[in-house]
Amino acid sequence: MKRHIDNKLNAWIQSAHRKPLLLFGARQVGKTYALKKLAAQCCKNIAYVDFSRDLDALSVFEGSIRPADIVLQLEALLGIPIESNNTLIVLDEIQLSERALTSLKYFCEDAPEYAVAAAGSLLGVKVNRGKYSFPVGKVDMLTLYPMNFEEYLWARGEERLSGLVRGAAETDVAAYEKFNLHDRAMDLLREYFLVGGMPEAVQTYVDACDHSSVEALDKARIKLTQIDQAYVADMTKYSTAAEAPRIFEAWQSIPGQLAKENHKFQYAKIRSGARASQYETALAWLEAAGIVARCTHVSDGIAPLKEFEKRDMFKLYMADTGLLSCAYDVLPQDVLPSGDKAARFRGGLAENYTMQQLTSCGVQPYYWGVASKSEVEFVARSKQGDVIPIEVKSGENVRANSLMAYREKYKPPYVVRTSAKNFGYANGIASIPLYAIGFFAEQLR
(Lines give C-alpha, C1' and ligand atoms only; values in the text may rest on other atoms or scores of the structure.)
Protein backbone atom coordinates (compact mmCIF):
# COMPACT_ATOMS: atom_id res chain seq x y z
CA MET A 1 0.00 0.00 0.00
CA LYS A 2 1.06 3.53 -0.75
CA ARG A 3 2.23 5.52 2.29
CA HIS A 4 3.40 9.09 2.81
CA ILE A 5 6.57 7.80 4.42
CA ASP A 6 7.65 6.23 1.11
CA ASN A 7 8.77 9.66 -0.16
CA LYS A 8 10.65 10.37 3.06
CA LEU A 9 12.45 7.03 2.90
CA ASN A 10 13.40 7.60 -0.72
CA ALA A 11 14.77 11.03 0.16
CA TRP A 12 16.75 9.49 3.03
CA ILE A 13 18.40 6.74 1.00
CA GLN A 14 19.35 9.15 -1.81
CA SER A 15 20.72 11.85 0.48
CA ALA A 16 24.41 12.66 0.19
CA HIS A 17 24.41 13.34 3.94
CA ARG A 18 22.63 10.15 4.92
CA LYS A 19 23.15 8.71 8.41
CA PRO A 20 21.84 5.36 9.67
CA LEU A 21 18.07 5.56 10.02
CA LEU A 22 15.97 4.79 13.08
CA LEU A 23 12.33 4.19 12.17
CA PHE A 24 10.05 4.57 15.18
CA GLY A 25 6.41 3.55 15.41
CA ALA A 26 3.96 1.36 17.26
CA ARG A 27 3.66 -2.35 16.55
CA GLN A 28 1.81 -3.24 13.33
CA VAL A 29 1.91 0.21 11.69
CA GLY A 30 3.93 -1.06 8.70
CA LYS A 31 7.58 -0.29 9.49
CA THR A 32 8.99 -3.56 8.17
CA TYR A 33 6.84 -3.42 5.06
CA ALA A 34 7.96 0.15 4.32
CA LEU A 35 11.66 -0.73 4.62
CA LYS A 36 11.34 -3.85 2.48
CA LYS A 37 9.46 -1.82 -0.13
CA LEU A 38 12.26 0.76 -0.09
CA ALA A 39 14.86 -1.95 -0.66
CA ALA A 40 12.85 -3.45 -3.53
CA GLN A 41 12.60 -0.08 -5.27
CA CYS A 42 16.04 1.41 -4.61
CA CYS A 43 18.47 -1.47 -4.01
CA LYS A 44 19.50 -4.73 -5.56
CA ASN A 45 19.67 -6.60 -2.24
CA ILE A 46 18.32 -6.39 1.27
CA ALA A 47 20.28 -7.72 4.24
CA TYR A 48 17.37 -8.21 6.65
CA VAL A 49 17.59 -9.51 10.19
CA ASP A 50 14.84 -9.69 12.81
CA PHE A 51 16.27 -9.84 16.30
CA SER A 52 12.99 -11.16 17.72
CA ARG A 53 13.18 -14.28 15.54
CA ASP A 54 16.85 -14.93 14.84
CA LEU A 55 19.09 -15.47 17.85
CA ASP A 56 22.06 -15.91 15.53
CA ALA A 57 21.59 -12.31 14.46
CA LEU A 58 21.93 -11.21 18.08
CA SER A 59 25.23 -13.04 18.33
CA VAL A 60 26.64 -11.01 15.42
CA PHE A 61 26.68 -7.97 17.70
CA GLU A 62 28.03 -9.65 20.82
CA GLY A 63 31.65 -9.27 19.73
CA SER A 64 33.18 -6.50 17.67
CA ILE A 65 30.76 -3.84 16.43
CA ARG A 66 33.16 -2.38 13.90
CA PRO A 67 31.12 -1.98 10.68
CA ALA A 68 33.57 -4.08 8.64
CA ASP A 69 33.26 -6.98 11.10
CA ILE A 70 29.47 -6.70 11.25
CA VAL A 71 29.15 -6.72 7.45
CA LEU A 72 31.32 -9.83 7.15
CA GLN A 73 29.29 -11.69 9.77
CA LEU A 74 25.97 -10.65 8.27
CA GLU A 75 27.14 -11.85 4.86
CA ALA A 76 27.98 -15.22 6.37
CA LEU A 77 24.71 -15.40 8.31
CA LEU A 78 22.45 -14.42 5.41
CA GLY A 79 24.45 -15.93 2.57
CA ILE A 80 24.38 -12.80 0.42
CA PRO A 81 26.96 -10.17 -0.54
CA ILE A 82 26.52 -6.80 1.13
CA GLU A 83 27.69 -4.07 -1.21
CA SER A 84 27.58 -0.49 -0.07
CA ASN A 85 26.17 0.84 -3.32
CA ASN A 86 23.21 -1.50 -3.73
CA THR A 87 22.32 -3.21 -0.42
CA LEU A 88 20.01 -1.96 2.32
CA ILE A 89 20.88 -3.36 5.74
CA VAL A 90 17.71 -3.62 7.87
CA LEU A 91 17.95 -4.34 11.60
CA ASP A 92 14.41 -5.07 12.77
CA GLU A 93 13.27 -5.06 16.42
CA ILE A 94 16.57 -3.39 17.28
CA GLN A 95 15.37 -2.64 20.81
CA LEU A 96 16.34 -6.24 21.61
CA SER A 97 20.05 -5.55 21.02
CA GLU A 98 21.73 -2.67 22.81
CA ARG A 99 24.99 -3.26 20.95
CA ALA A 100 23.22 -3.21 17.57
CA LEU A 101 21.80 0.20 18.47
CA THR A 102 25.24 1.39 19.56
CA SER A 103 26.76 0.11 16.30
CA LEU A 104 24.79 2.71 14.35
CA LYS A 105 27.17 5.34 15.72
CA TYR A 106 30.11 3.56 14.13
CA PHE A 107 28.34 3.05 10.81
CA CYS A 108 27.81 6.80 10.80
CA GLU A 109 31.42 7.64 11.70
CA ASP A 110 33.41 4.88 10.00
CA ALA A 111 31.27 3.48 7.18
CA PRO A 112 28.74 6.09 6.01
CA GLU A 113 28.71 4.51 2.56
CA TYR A 114 26.44 1.71 3.88
CA ALA A 115 22.68 2.26 3.95
CA VAL A 116 21.54 1.01 7.36
CA ALA A 117 17.96 1.25 8.61
CA ALA A 118 16.76 0.02 11.99
CA ALA A 119 13.22 -0.30 13.31
CA GLY A 120 11.69 -1.25 16.61
CA SER A 121 8.14 -1.42 17.94
CA LEU A 122 9.14 -0.87 21.56
CA LEU A 123 12.24 1.15 20.80
CA GLY A 124 10.87 4.21 22.55
CA VAL A 125 10.19 2.19 25.71
CA LYS A 126 13.64 0.62 25.73
CA VAL A 127 15.50 3.87 25.07
CA ASN A 128 13.54 5.78 27.70
CA ARG A 129 13.79 3.12 30.40
CA GLY A 130 16.93 1.14 29.72
CA LYS A 131 20.65 1.66 29.94
CA TYR A 132 20.98 2.07 26.20
CA SER A 133 23.68 4.30 24.82
CA PHE A 134 21.61 6.19 22.28
CA PRO A 135 23.64 7.34 19.23
CA VAL A 136 22.77 11.01 19.64
CA GLY A 137 23.52 13.02 16.51
CA LYS A 138 24.63 9.90 14.62
CA VAL A 139 21.26 8.78 13.22
CA ASP A 140 18.42 10.12 11.13
CA MET A 141 15.00 9.51 12.67
CA LEU A 142 11.53 9.06 11.23
CA THR A 143 8.26 7.97 12.83
CA LEU A 144 5.60 5.91 11.09
CA TYR A 145 2.01 6.27 12.30
CA PRO A 146 -1.12 4.29 11.43
CA MET A 147 -2.49 5.18 8.01
CA ASN A 148 -4.18 8.56 7.93
CA PHE A 149 -7.38 9.16 6.01
CA GLU A 150 -5.67 10.09 2.76
CA GLU A 151 -3.66 6.85 2.84
CA TYR A 152 -6.90 5.00 3.53
CA LEU A 153 -8.47 6.60 0.45
CA TRP A 154 -5.49 5.45 -1.60
CA ALA A 155 -5.94 1.90 -0.29
CA ARG A 156 -9.63 2.04 -1.25
CA GLY A 157 -8.74 3.07 -4.80
CA GLU A 158 -10.03 6.60 -4.28
CA GLU A 159 -6.98 8.51 -5.53
CA ARG A 160 -9.10 10.88 -7.61
CA LEU A 161 -11.33 11.77 -4.68
CA SER A 162 -8.26 12.26 -2.51
CA GLY A 163 -6.75 14.61 -5.08
CA LEU A 164 -9.93 16.67 -5.34
CA VAL A 165 -10.25 17.00 -1.56
CA ARG A 166 -6.61 18.03 -1.34
CA GLY A 167 -7.15 20.66 -4.02
CA ALA A 168 -10.18 22.04 -2.18
CA ALA A 169 -8.31 22.17 1.12
CA GLU A 170 -5.39 23.99 -0.46
CA THR A 171 -6.92 26.40 -3.01
CA ASP A 172 -9.78 25.33 -5.22
CA VAL A 173 -13.08 24.66 -3.42
CA ALA A 174 -15.14 25.45 -6.52
CA ALA A 175 -13.52 22.69 -8.58
CA TYR A 176 -14.33 20.19 -5.82
CA GLU A 177 -17.91 21.32 -5.23
CA LYS A 178 -18.94 20.91 -8.87
CA PHE A 179 -18.39 17.14 -8.55
CA ASN A 180 -20.82 16.88 -5.58
CA LEU A 181 -18.58 14.41 -3.71
CA HIS A 182 -19.19 15.49 -0.12
CA ASP A 183 -21.58 12.64 0.72
CA ARG A 184 -19.24 10.06 -0.81
CA ALA A 185 -16.31 11.43 1.18
CA MET A 186 -18.36 11.37 4.41
CA ASP A 187 -19.37 7.75 3.78
CA LEU A 188 -15.72 6.77 3.38
CA LEU A 189 -14.81 8.73 6.50
CA ARG A 190 -17.39 6.84 8.56
CA GLU A 191 -15.92 3.65 7.13
CA TYR A 192 -12.48 4.81 8.30
CA PHE A 193 -13.91 5.51 11.76
CA LEU A 194 -14.75 1.81 11.94
CA VAL A 195 -11.70 0.28 10.25
CA GLY A 196 -9.00 2.78 11.23
CA GLY A 197 -5.51 2.91 9.82
CA MET A 198 -3.70 -0.24 10.95
CA PRO A 199 -2.42 -1.58 7.60
CA GLU A 200 -3.34 -5.24 8.13
CA ALA A 201 -6.90 -4.34 9.17
CA VAL A 202 -7.21 -1.97 6.20
CA GLN A 203 -5.94 -4.56 3.73
CA THR A 204 -8.28 -7.18 5.17
CA TYR A 205 -11.25 -4.83 4.83
CA VAL A 206 -10.34 -3.74 1.30
CA ASP A 207 -9.94 -7.34 0.15
CA ALA A 208 -13.35 -8.36 1.53
CA CYS A 209 -15.56 -5.27 1.14
CA ASP A 210 -16.48 -5.94 -2.50
CA HIS A 211 -18.39 -9.01 -1.33
CA SER A 212 -19.99 -7.76 1.89
CA SER A 213 -19.22 -4.69 3.98
CA VAL A 214 -20.57 -6.44 7.08
CA GLU A 215 -18.33 -9.44 6.57
CA ALA A 216 -15.40 -7.17 5.72
CA LEU A 217 -15.81 -5.23 8.98
CA ASP A 218 -16.02 -8.47 10.96
CA LYS A 219 -12.74 -9.64 9.41
CA ALA A 220 -11.07 -6.30 10.03
CA ARG A 221 -12.24 -6.41 13.67
CA ILE A 222 -10.54 -9.76 14.11
CA LYS A 223 -7.26 -8.17 13.02
CA LEU A 224 -7.81 -5.18 15.30
CA THR A 225 -8.53 -7.45 18.24
CA GLN A 226 -5.33 -9.36 17.55
CA ILE A 227 -3.35 -6.11 17.46
CA ASP A 228 -4.89 -5.02 20.76
CA GLN A 229 -3.95 -8.38 22.26
CA ALA A 230 -0.38 -7.96 21.01
CA TYR A 231 -0.22 -4.55 22.69
CA VAL A 232 -1.42 -6.06 25.96
CA ALA A 233 1.19 -8.84 25.65
CA ASP A 234 3.89 -6.18 25.19
CA MET A 235 2.74 -4.49 28.39
CA THR A 236 3.60 -7.66 30.28
CA LYS A 237 6.77 -8.48 28.36
CA TYR A 238 8.38 -5.04 28.37
CA SER A 239 7.51 -3.75 31.84
CA THR A 240 7.90 -4.90 35.43
CA ALA A 241 5.38 -7.13 37.17
CA ALA A 242 4.27 -4.18 39.30
CA GLU A 243 3.85 -1.79 36.34
CA ALA A 244 2.09 -4.09 33.84
CA PRO A 245 -1.36 -4.09 35.55
CA ARG A 246 -1.38 -0.29 35.78
CA ILE A 247 -0.37 0.10 32.13
CA PHE A 248 -3.21 -2.25 31.16
CA GLU A 249 -5.72 -0.42 33.38
CA ALA A 250 -4.76 2.96 31.91
CA TRP A 251 -5.02 1.59 28.35
CA GLN A 252 -8.41 0.03 29.04
CA SER A 253 -9.74 3.28 30.49
CA ILE A 254 -9.23 5.39 27.37
CA PRO A 255 -12.53 4.52 25.60
CA GLY A 256 -14.44 5.47 28.74
CA GLN A 257 -12.46 8.67 29.14
CA LEU A 258 -13.40 9.74 25.61
CA ALA A 259 -17.07 8.81 26.03
CA LYS A 260 -17.47 11.31 28.90
CA GLU A 261 -18.93 14.75 28.30
CA ASN A 262 -15.58 16.14 29.46
CA HIS A 263 -12.82 14.29 27.62
CA LYS A 264 -10.08 15.40 30.02
CA PHE A 265 -8.16 12.41 31.37
CA GLN A 266 -9.23 11.64 34.93
CA TYR A 267 -7.30 9.14 37.03
CA ALA A 268 -10.43 8.32 39.02
CA LYS A 269 -11.91 6.86 35.83
CA ILE A 270 -9.16 4.21 35.81
CA ARG A 271 -10.34 3.00 39.19
CA SER A 272 -11.74 4.54 42.35
CA GLY A 273 -9.07 6.32 44.39
CA ALA A 274 -6.43 6.23 41.62
CA ARG A 275 -3.85 9.01 41.76
CA ALA A 276 -1.44 10.56 39.30
CA SER A 277 1.59 9.33 41.26
CA GLN A 278 0.43 5.74 40.76
CA TYR A 279 -0.13 5.98 37.01
CA GLU A 280 2.34 8.53 35.65
CA THR A 281 4.82 5.78 34.73
CA ALA A 282 2.07 3.73 33.07
CA LEU A 283 1.01 6.64 30.87
CA ALA A 284 4.63 7.38 29.97
CA TRP A 285 5.01 3.73 28.89
CA LEU A 286 1.95 3.95 26.62
CA GLU A 287 3.29 7.15 25.03
CA ALA A 288 6.76 5.69 24.54
CA ALA A 289 5.23 2.62 22.90
CA GLY A 290 3.48 4.92 20.41
CA ILE A 291 0.00 3.55 21.07
CA VAL A 292 -1.44 6.69 22.67
CA ALA A 293 -1.07 10.42 22.01
CA ARG A 294 -1.29 13.06 24.73
CA CYS A 295 -2.84 16.48 24.17
CA THR A 296 -2.08 18.87 27.02
CA HIS A 297 -3.85 22.00 28.17
CA VAL A 298 -2.54 25.51 27.57
CA SER A 299 -3.64 28.38 29.77
CA ASP A 300 -3.27 30.89 26.93
CA GLY A 301 -3.53 30.70 23.16
CA ILE A 302 -0.28 32.57 22.76
CA ALA A 303 2.90 31.45 21.00
CA PRO A 304 5.04 29.69 21.97
CA LEU A 305 2.35 27.36 23.28
CA LYS A 306 4.88 25.26 25.19
CA GLU A 307 5.38 28.22 27.54
CA PHE A 308 1.73 27.98 28.67
CA GLU A 309 1.46 24.19 28.83
CA LYS A 310 -0.06 22.56 31.93
CA ARG A 311 1.23 18.99 31.91
CA ASP A 312 -1.12 17.84 34.67
CA MET A 313 -4.18 18.63 32.54
CA PHE A 314 -4.45 16.55 29.39
CA LYS A 315 -6.49 14.32 27.13
CA LEU A 316 -5.29 10.92 26.00
CA TYR A 317 -6.17 9.50 22.60
CA MET A 318 -5.56 6.11 21.02
CA ALA A 319 -3.05 6.24 18.18
CA ASP A 320 -5.57 4.55 15.88
CA THR A 321 -9.27 5.34 15.73
CA GLY A 322 -10.04 1.83 14.46
CA LEU A 323 -8.74 0.39 17.72
CA LEU A 324 -10.98 2.80 19.62
CA SER A 325 -14.04 1.81 17.54
CA CYS A 326 -13.18 -1.83 18.10
CA ALA A 327 -13.07 -1.23 21.86
CA TYR A 328 -16.56 0.32 21.64
CA ASP A 329 -17.75 -2.46 19.30
CA VAL A 330 -19.12 0.27 17.03
CA LEU A 331 -21.49 -0.70 14.23
CA PRO A 332 -21.96 1.34 11.02
CA GLN A 333 -25.27 2.81 12.21
CA ASP A 334 -23.59 4.10 15.38
CA VAL A 335 -21.50 6.66 13.47
CA LEU A 336 -24.40 8.15 11.52
CA PRO A 337 -25.48 11.66 12.60
CA SER A 338 -28.06 11.55 15.36
CA GLY A 339 -29.18 13.60 18.34
CA ASP A 340 -29.37 10.65 20.71
CA LYS A 341 -27.39 10.12 23.91
CA ALA A 342 -24.52 8.58 21.95
CA ALA A 343 -23.60 12.02 20.61
CA ARG A 344 -20.88 12.33 23.29
CA PHE A 345 -19.37 9.03 22.15
CA ARG A 346 -19.33 10.23 18.54
CA GLY A 347 -17.71 13.46 19.69
CA GLY A 348 -14.90 11.52 21.35
CA LEU A 349 -14.47 9.40 18.24
CA ALA A 350 -14.26 12.51 16.03
CA GLU A 351 -11.72 14.07 18.40
CA ASN A 352 -9.60 10.91 18.40
CA TYR A 353 -9.72 10.87 14.60
CA THR A 354 -8.72 14.54 14.39
CA MET A 355 -5.82 14.01 16.78
CA GLN A 356 -4.66 11.06 14.66
CA GLN A 357 -4.69 13.18 11.50
CA LEU A 358 -2.82 16.07 13.16
CA THR A 359 -0.07 13.93 14.69
CA SER A 360 0.43 11.91 11.49
CA CYS A 361 1.25 15.22 9.76
CA GLY A 362 3.77 16.23 12.41
CA VAL A 363 1.51 18.77 14.13
CA GLN A 364 1.74 19.04 17.93
CA PRO A 365 -1.70 20.20 19.13
CA TYR A 366 -2.82 21.40 22.55
CA TYR A 367 -6.25 22.25 23.88
CA TRP A 368 -7.50 25.49 25.42
CA GLY A 369 -10.27 26.60 27.74
CA VAL A 370 -12.38 25.21 30.53
CA ALA A 371 -14.81 22.35 30.08
CA SER A 372 -18.52 23.29 30.36
CA LYS A 373 -17.60 26.94 29.70
CA SER A 374 -15.45 27.65 26.64
CA GLU A 375 -13.19 24.85 25.45
CA VAL A 376 -11.56 24.52 22.05
CA GLU A 377 -10.59 20.92 21.29
CA PHE A 378 -7.27 21.75 19.63
CA VAL A 379 -4.98 24.72 19.13
CA ALA A 380 -1.86 24.49 16.98
CA ARG A 381 0.73 26.86 15.63
CA SER A 382 0.85 27.53 11.91
CA LYS A 383 4.04 27.80 9.89
CA GLN A 384 3.42 31.56 9.83
CA GLY A 385 3.66 31.55 13.64
CA ASP A 386 -0.02 32.13 14.41
CA VAL A 387 -1.92 30.01 16.95
CA ILE A 388 -4.99 28.60 15.21
CA PRO A 389 -7.95 27.14 17.13
CA ILE A 390 -9.65 24.01 15.76
CA GLU A 391 -13.11 23.10 17.01
CA VAL A 392 -14.30 19.53 16.34
CA LYS A 393 -17.93 18.57 15.77
CA SER A 394 -19.00 15.05 14.82
CA GLY A 395 -22.18 16.18 13.06
CA GLU A 396 -23.71 19.24 11.43
CA ASN A 397 -24.82 20.93 14.65
CA VAL A 398 -22.02 23.48 14.72
CA ARG A 399 -22.66 26.13 17.33
CA ALA A 400 -19.33 27.90 17.75
CA ASN A 401 -19.53 29.63 21.14
CA SER A 402 -16.08 28.45 22.21
CA LEU A 403 -14.50 29.52 18.93
CA MET A 404 -16.08 32.94 19.28
CA ALA A 405 -14.80 33.27 22.83
CA TYR A 406 -11.31 32.33 21.67
CA ARG A 407 -11.43 34.74 18.74
CA GLU A 408 -12.62 37.57 20.95
CA LYS A 409 -9.78 37.02 23.39
CA TYR A 410 -6.82 36.29 21.06
CA LYS A 411 -7.88 37.64 17.66
CA PRO A 412 -6.22 34.99 15.45
CA PRO A 413 -6.17 35.61 11.67
CA TYR A 414 -8.84 32.90 11.27
CA VAL A 415 -10.51 30.11 13.23
CA VAL A 416 -11.31 26.58 12.08
CA ARG A 417 -14.29 24.34 12.65
CA THR A 418 -14.14 20.75 11.38
CA SER A 419 -17.44 18.90 11.16
CA ALA A 420 -19.71 16.90 8.88
CA LYS A 421 -20.49 20.09 6.93
CA ASN A 422 -18.91 20.87 3.58
CA PHE A 423 -16.23 23.47 2.90
CA GLY A 424 -17.32 27.02 3.62
CA TYR A 425 -16.46 30.32 5.20
CA ALA A 426 -18.90 32.43 7.22
CA ASN A 427 -18.76 34.75 10.22
CA GLY A 428 -14.98 34.52 10.28
CA ILE A 429 -15.03 30.71 10.62
CA ALA A 430 -13.33 28.44 8.09
CA SER A 431 -15.45 25.29 7.81
CA ILE A 432 -13.38 22.24 6.93
CA PRO A 433 -15.08 18.85 6.58
CA LEU A 434 -13.71 16.19 8.90
CA TYR A 435 -12.40 14.21 5.96
CA ALA A 436 -10.16 17.15 4.94
CA ILE A 437 -8.63 18.03 8.31
CA GLY A 438 -5.45 16.07 7.51
CA PHE A 439 -4.84 18.22 4.44
CA PHE A 440 -5.31 21.34 6.56
CA ALA A 441 -2.82 19.89 9.08
CA GLU A 442 -0.20 19.67 6.34
CA GLN A 443 -0.65 23.39 5.67
CA LEU A 444 -0.25 24.14 9.40
CA ARG A 445 3.02 22.22 9.43
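**Exercise 1.** In this predicted model, work out which unit β10, helix α17 and β11 make.

*Solution.* Start with the pieces: strand β10 covers residues 387-392, helix α17 covers residues 401-410, and strand β11 covers residues 415-419. Next, look at how the strands lie: β10 and β11 run parallel and are joined by three bridges. Put together with the helix, the two strands make a right-handed β-α-β unit.

**Exercise 2.** Decide whether the residues of β11 are buried or exposed, and find the strand that five bridges join to β11.

*Solution.* Take the side chains by direction. V415, R417 and S419 point one way, V416 and T418 point the other way, and all are buried. Buried here means under 20% relative accessible area. Five of the five residues are buried, so β11 is largely enclosed by the rest of the structure. Now for the neighbour: five bridges join β11 to β13 (residues 429-433), and these strands run parallel. For example, V416 has A430 in β13 as its bridge partner.

**Exercise 3.** Find which strands stand at the edges of the five-stranded open sheet.

*Solution.* Write down the order first: β2-β3-β4-β1-β5, with parallel pairing. β2 (45-50) and β5 (140-143) each have a single partner strand, so they stand at the edges and one side of each is left without a neighbour in the sheet. From one strand to the next, the twist averages 20°.

Key:
Residues numbered from 1 in each chain as written. Predicted model: local features only at pLDDT ≥ 70, side-chain atom pairs only at ≥ 80, totals over all residues. Heavy atoms only, no water. Buried < 20%, exposed > 50% of the residue type's maximum accessible area, 1.4 Å probe, protein only. Helix = DSSP H or I, 4+ residues; strand = E, 2+ residues; numbered from the N terminus. Pairing = 2+ DSSP bridges. Right-handed = clockwise from strand over helix to strand, strands pointing away. Axes fitted to C-alpha atoms, helices over the stretch in contact; angles between N-to-C directions.
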